[in-house]
Amino acid sequence: MAKNGFYTEEPREKFALGKKMIVHLPSGITVTIGRSGLRDDSLDIIISAPEPNYDQKGPDTHSEGLCGNFNGDPNDDFEGRSYWEFCQRHRIQSGSAEDIFAYEGNDTVYQELYDTCLNEQLCVCKNKQQECDTDGVIAKCSPLEQNGRIAEDLCRGNRVIAKRDINKRRKRALDSRDDDIDDQDVIPPYNPPIHNYTAPSWPTPSGLTEENVTKICNRKIRYSKGGESCGAVAGVDLDALVNQCISDIKLTDDPSWAVANFGAMNEICKKNVYKNITYYKNNTDGKLSLETTVLDSLCPNDCSDRGNCSNSTCTCFEDYTSADCSISLKDSPILYGIRKSGLCDVRRRPCRNVGIYAFPLLDSENLTCHVQEFKVIESAWTPDNSIASYPGLMMDINEVKCLLPESPVNIDDYGNEGITAAGLKIAVSNNRINASKVSAVFITYDSVCQECNNTIKGCRLKTDACFISAHCFAQNQTHPNDWCQQCLPQISTNSWEKRKDNQRPKFTTSTIFHAFLGEELRVQLTAIDPENRTIRYTFDSTLGASLTERGLFTCTKNTNDSTIVIFNVTDECGAYSVLHASVVIKECPCQNSGECHPDYRYLDGAGNFTCSCPAGYTGTLCELDVNECAVSKPCSNGNCNNEQPGFSCSCYVGYTGDLCQTEINECAPNPCFLGVPCADLIASFSCGPCPGGYSGNGVNCTRMDGKVNECVKKPQVCHSNAKCMYNNGSYVCQCTDGYTGDGKNNCT
């Protein structure tokens, strides 16, 4: 994996016992990092530099970053100083420009990552499920920025992922996968003390003699299978390696350094094999291939003398395992530590896993954590004394992450008796059977009121918090169901107290309400509560008045006298204020007999109104006469005369009516000669021609023979139910059909 000029050869399997990681630096230097099977607290690091070019002279003949004179003499590289003096002189000082641990990061980049992280969704799974990737098992989700401290921990910690597509993010579930938020031990600043060392001597403080150590180093290096193969490789000095092994053990008083020196021999041997042309053979296809006989004999830690080495791989004896056969399946791991001193605050993380330090550990499905509950404090919880097994995940050569049962410590579960601390005893095994002899103590607790210490393996109540109904409440915290009660530990740590410093609500309504006689007054009372809590309104009942709890006051005044109404506004804790308001009658300012009506768009009691104007008047106060002639031109066939109030019409000739809307029918009086048709005209009429045998203008017609037509001359000469018929200068009356009689005097 390449990064910033570095190239890392990652092992195919987890970096564990017998495995190596190789880092190639830009300068050409190679750093090989290994974990030995007999030491749980160290790394074996071998630094290999490119061969110096002894044909050149000057500063460019060696690799930058390596100490020494590079003159071919390894005995003068310490500048005439002792080993310890040389190390102290060239030690990189903490905080200096060369100190890689002094880097404080890029605040701008970190803030961008933090802001991006807040867009993620934090989800809670149903039924306490561990996976929450589908909508069907999600109870609820909310943006991380709405989740307070959890969001801060997630987005400020190591879980930030840069430059991810927000639209493609999967929902995050708050479960055991996020349980490492607060599980990291604090790394102390690197500031080693300066020691005054004395030259080591034999025997060592533990009693090791030079003879015993020489045997150990010879057996581990010279007489090992790898040493026997490498002893014949040019460039491999077994004597020097044995002497280095003796010096290391003499200096450290620790025989396990022989393992590290065996690893150094392996690396030196491989390097010299790779660069020696005699180990390369021609294949049948003409290509060179490396002869692997020597390399095949080089196994991790020489298989710890518990297996056979073949093809660079250990075949372990029965009951032994790992890459270097250093782990016995029958032995129990030695447990020597737990992350965060075994304390887990349920306010910060779910506490569903914890890191246990033990050695040796075997990365397999049989890696097991053995868990037993125990009571930390007196509570309603009854621990299960049986030992339960939970999976263990190997995190490092000496750390296993134990998956744990859900903690009984309950937060915000006020319907049940509270549990504020509980304990687990945790042992580990490589085979599900042989658990470590020593157990680690893991305490989950509510940090609001509990102060826990793993030294005494117990907890005690804080003096600045409350412990009520076995639940934790912080100082000044409100009762979950009654805002008016608080945790006030300075008064009592085990009972609720009346909220202190509760301020009373204050009216903001006017003290004078203006009403109109006989009209309903409506006023919305207003008040402000300093704590923004719920308030309610009451008043001293007045006949004919009403008031809702939300403060809508209504009443109707039928007399001109003023009335005093006393109102109260009260918060949920009983603090209240009083308002004395006067209801007074306001004179109606509407003119020309207009009527006042309250304007209910305004409920402030200021006497806002609207005027209802009679016909012929308009304006806010009915003060304007309506000019109907200009507005609507109401006189259809005449002239409009504006009057106050109203108007009148002067009709044109031929029209009549209030609005001159009716034409006069001049034919109505039958102005034409009997039997002559009449046509109505505007302000006139027109008669048709006279009947046959008559002459005239249609109004007046005379017989042309000079005789008199009695039927025309005297239209009423016959009965009304008879018709007159001219008969040669005379006439005959004949009853119409359906009537009988003489036609003149009667027709029945």
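Analyst: A strand here is a DSSP run of E, at least two residues, numbered from the N terminus. S328 sits in one, strand β14 (residues 327–328). The model is predicted, so local features need pLDDT of at least 70, side-chain atom pairs need 80 or more, and totals for chains, interfaces and linings use all residues. Residues are numbered from 1 along each chain as its sequence is written, and side-chain values use heavy atoms, leaving out hydrogens and water.

User: What makes S328 count as buried?

Analyst: Its relative accessible area is 9%, and buried means under 20% (exposed is over 50%, partly exposed in between; 1.4 Å probe, protein chains only). So S328 is buried.

User: And why is S429 called buried?

Analyst: S429 has 0% relative accessibility, so it's buried as well. You'll find S429 in strand β21 (residues 421–429).

User: Why are F516 and F609 called edge-to-face?

Analyst: The structure holds ten aromatic pairs. In this one, the ring centres are 5.6 Å apart and the planes are at 70 degrees, so it's edge-to-face. Phe, Tyr and Trp rings (six-membered ring for Trp) pair with centres within 6.5 Å; planes over 60 degrees apart are edge-to-face, under 30 stacked, the rest tilted. F516 is buried at 4% relative accessible area, while F609 is partly exposed at 23%.

User: How do you know that F539 and F567 are stacked?

Analyst: Their ring centres are 6.0 Å apart and their planes are at 20 degrees, so the pair is stacked. F539 lies in strand β34 and F567 in strand β37, so the pair ties together parts 28 residues apart in sequence.

Conventions: Helix = DSSP H or I, 4+ residues; strand = E, 2+ residues; numbered from the N terminus.
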